[in-house]
Amino acid sequence: MNRIAILQGLFLLLSPLTLTSCISSSKVDATGEGSVGKQLTDLDAAYRQGLITEKEYQKLRKAIIKKND
């Protein structure tokens, strides 16, 4: 798997389609992306395997946290 495909996969992981309820501001996960912890664990694994650089890791980590803040 090449680096571009991995980054595309991470992008898809970070840009899920969400639905919001008319009554509540809660988000419904429509992609099955998993919890924030799972996303961060997967991202960490990609970094440790050398699939992404430290700079990419930090950028994606911040995006995950910001999206779920």
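Close-up 1. With a relative accessibility of 30%, Tyr47 falls into the partly exposed class. Tyr57 sits at 14%, so this one counts as buried. Keep in mind that this is a predicted model.

**Close-up 2. The Tyr47–Tyr57 ring pair.** The count of aromatic pairs comes to 1, and here it is: the ring centres of Tyr47 and Tyr57 are 4.9 Å apart. Their planes meet at 25°, and since anything under 30 degrees counts as stacked, stacked is what we call this pair.

**Close-up 3. Helix α2 against helix α3.** Zooming out a bit, α2 covers residues 36–48 and α3 covers residues 54–67. They pack at about 175°, with 10 Å between their axes. Angles over 145 count as roughly antiparallel, and that is therefore how α2 and α3 run relative to each other. On the α2 side, the contact is made by Val36, Gln39, Leu40, Leu43, Asp44 and Tyr47. Glu54, Tyr57, Leu60, Arg61, Ile64 and Lys67 meet them from α3. Sort these contact residues by type and you get 7 nonpolar, 1 polar and 4 charged.

**Close-up 4. The largest nonpolar core.** Tyr57 turns up again here, along with Ile6, Leu43, Ala46, Ile52, Leu60 and Ile64, for a core of 7 residues. Two or more residues come from each of α2 and α3. The top contributor is α3, which gives 3 residues.

Methods
Residues numbered from 1 in each chain as written. Predicted model: local features only at pLDDT ≥ 70, side-chain atom pairs only at ≥ 80, totals over all residues. Heavy atoms only, no water. Axes fitted to C-alpha atoms, helices over the stretch in contact; angles between N-to-C directions. Helix = DSSP H or I, 4+ residues; strand = E, 2+ residues; numbered from the N terminus. Parallel < 35°, antiparallel > 145°, perpendicular 65-115°, else oblique. Contact = heavy atoms within 4.5 Å. Nonpolar A, V, L, I, M, F, W, Y, C, P; charged D, E, K, R; others polar. Phe/Tyr/Trp six-rings, centres within 6.5 Å; stacked < 30°, edge-to-face > 60°. Buried < 20%, exposed > 50% of the residue type's maximum accessible area, 1.4 Å probe, protein only. Core = buried A, V, L, I, M, F, W, Y, C linked by side-chain atoms within 4.5 Å.
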